[in-house]
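Walk through this structure with me. Keep the sequence and the 3D view side by side.

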Amino acid sequence: MNVLSNEARCTSCHAGYGWKGKDFDFADQTKVDCLVCHEQTGTYKKFPAGAGNPVKEPKVFPGNQKEYLPPEWNKVAQSVGRPTRKNCGTCHFFGGGGDGVKHGDLDSSLMKPNKALDVHMGKDGQNFDCIRCHSTTLHNIAGRVYTTPASEHRKSLIEDDLASKITCESCHSSTPHKQDAKANDHTDKVACQSCHIPTFARVNPTKMWWDWSTAGKKKDGKPYAEKGEFGKPVYDTKKGNFVWAKNVVPEYHWFNGSIEHLTVNDTIDPGKPVKINRPVGDKDDPNSRIFPFKVHRGNQPYDKINKNLVIPQLFPKGKDDQTAYWKKYDWNKAIAFGMEYAGLKYSGEFDFVKTEYVFPTTHMVAPKDNVVACIECHARSDGRLANLTGFYMPGRDASKVIDFAGWGVVLACLAGVLIHALGRVFTRGNGEKEN
Amino acid sequence: MVNNNNMKNIYLYTRYERFWHWLQTLLIVLLLITGFEIKGMYTLFGFRSAVEVHNFVGNTWLIAFLFFVFWIFTTGEWKQYIPTTRKMFSVVRYYLYGIFRGEPHPVPKRKDAKHNPLQRITYLILAAILLPIQMATGLLYWGYNSWPQWGLSGLSLQVVALIHTAGAFAILSFVVVHIYMITTGHTILAHTRAMISGWEEVKDIEAVEDWEIKTKAA
């Protein structure tokens, strides 16, 4: 799945404001929409499939049956100010086309969270805006830059208040707990987030599974959609099956702040789940920490012969579009068009492959009373860190040989003294012989 | 019946010695209970509290042990731990055979020789090898985060932890045997009483035996 051939829809958030065709220059910084970040009336709405443009005439988007009105430009333009949660959240809470689809730790529940959901942003707590942490220097926003390891910027704001990558340590230092607290001894190996975000999606559900292979089913010859447990779609003819979840326990990986991405040019092994992206890090790397992730799993088309992922054209380019999946429900045509558009080879044969995509979990920091307890990781079996091996963790790891031998000796001693005691009872030989 | 005329009380364990014994008992019991909980065998205090108690008690033991070392050398009591093979066989034979026949202990306790040859070697290994190893590995385990500053970056936590675990099994085994062996005095609780009051009742080899006393009744 890719932006290419679907720009009109994706560019409503992703850079590409005013996209018209393939020769659009994505690097041109004058093509950044100022208003979406800075306007404060709340009336500036982009048409979902309008390449980032608002409508000129009132228009209904068939996807949600909502009518979009042209902005009152004077009011909107005069309202510009410091970006609020709403400005940021309009895109970042709805990534992937809906609330909580992409990130498990970013959704509309953070518009007005309480302290229990987010200790920093809680209305009854610190009430931070996004930009309280994601500070900016000439529009360079501090935050995630997955090509750069976080550790290079692991410094406090006192050292450098314009650090380009804000981390918890920037404000809290690397020894934020009480003096001599064992938790301070963890910060060299465990990210703050691992303990302080016990679960994500604690208010709104987040999507955990997307099965494209079941897309295209129709009811009475018509596309349909079904809603499930959380009032969220569990089936959509256009998109297939979804699984949503709340209060999700993250998965943990070594992470130095960088994430590697697979591209459509990479060869995949369809025999096992394909990692579309992967946290970079290793237990032996002093700059890596154990970090929590939402892992979104899916089942998506790939080229069976060339062994690579494919870029299907989903979004129809107009009423007469003959290839878009969301028009004709024919994967082969949609893939063939999308791949040709992207300038890539397609063998003509596709199948579906299981995929995994990680999202670092860093928001929704819980109050300190709700942190992950020691035993949830330091457990013999089924602990949160059961998948991270190659190092000794107290409470989890043991030597079978030593345990077996140790208990063997203890039991042998016990048996020995019991037999001896019985011997004394039967011979009544407790000390001096009776005269 | 034991004839009390043939027994005498000797003051075997000084006040500090008894205090040290029972303090160490408490510390070892707490360390075993919390240590095996940390190892994941059961839940009693909860992992976090178990770790905190274990660390505190371990450090307490370490400091208390330094006082014990001071005591044992300044009082000359260390001589009680010098191993010997003399009468070792007799003692082993006694516990394997003689005790069931009601034979007297071949090496009765005396003020200047509290330990029989078997006890000497056991307590020497315990006080000079096993406990120091346990304290050293415990201290290292506790200071894991300071290893780089201590110049010990090359050390393996797994090796330290596993030696510490093996030591714990050895101590637990000792405790099992020790608790049994203290019942082998002339009464079940004789040795325990001695470790509480300091006074141990031992056979008075100087005393005149019953049969030696001429009585009119006979």
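A residue is buried if 20 or more other C-beta atoms lie within 10 Å of its own, exposed if 12 or fewer, and partly exposed in between, with C-beta atoms placed from the backbone. This is a predicted model: local features need pLDDT of at least 70 and side-chain atom pairs pLDDT 80 or more, while totals for chains, interfaces and linings use all residues. Residues are numbered from 1 along each chain as its sequence is written, and chains are lettered from A and ligands numbered from 1 in the order in which they are written.

Start at Val295(A). Because 16 C-beta neighbours fall inside 10 Å, Val295(A) counts as partly exposed. Strands (E, at least two residues) and helices (H or I, at least four) are DSSP runs, numbered from the N terminus. Leaving aside residues up to four places away in sequence, Val295(A) touches Glu251(A), Glu356(A) and Val358(A). Contact here means C-beta atoms, placed from the backbone, within 7 Å. Lys207(A) is 88 residues from Val295(A) in sequence, yet their C-alpha atoms are 9.8 Å apart.

Now the pairing. Two strands pair if DSSP finds at least two bridges between them. β15(A) runs antiparallel to β17(A), with 11 bridges. Strand β13 (residues 274–275) of chain A pairs with β17 (residues 350–360) of chain A in the parallel sense, over 2 bridges. Look at Thr355(A) in β17(A). It is the bridge partner of Gly298(A), and also of Val274(A).

Two loop residues in chain A come next. Ala201(A) has a positive phi of about 55 degrees and is not a glycine. It sits in the loop between α7 (192–196) and β5 (206–211). With 25 C-beta neighbours inside 10 Å, Ala201(A) is buried. Asn247(A) also has a positive phi, near 50 degrees. Its loop lies between β10 (240–245) and β11 (251–255). Asn247(A) is exposed, with 11 other C-beta atoms within 10 Å.

Turn to chain B. Ile28(B), Leu32(B) and Gly35(B) in α1(B) meet Ala168(B), Ile171(B), Leu172(B) and Val175(B) in α6(B). By class, this contact has 6 nonpolar, 1 polar and no charged residues. Ala, Val, Leu, Ile, Met, Phe, Trp, Tyr, Cys and Pro count as nonpolar, Asp, Glu, Lys and Arg as charged, and the others, Gly among them, as polar.

Finally, the two chains meet. The contact takes 28 residues from chain A and 30 residues from chain B. The chain A side divides into 13 nonpolar, 8 polar and 7 charged residues.

Notes: Contact = placed C-beta atoms within 7 Å.
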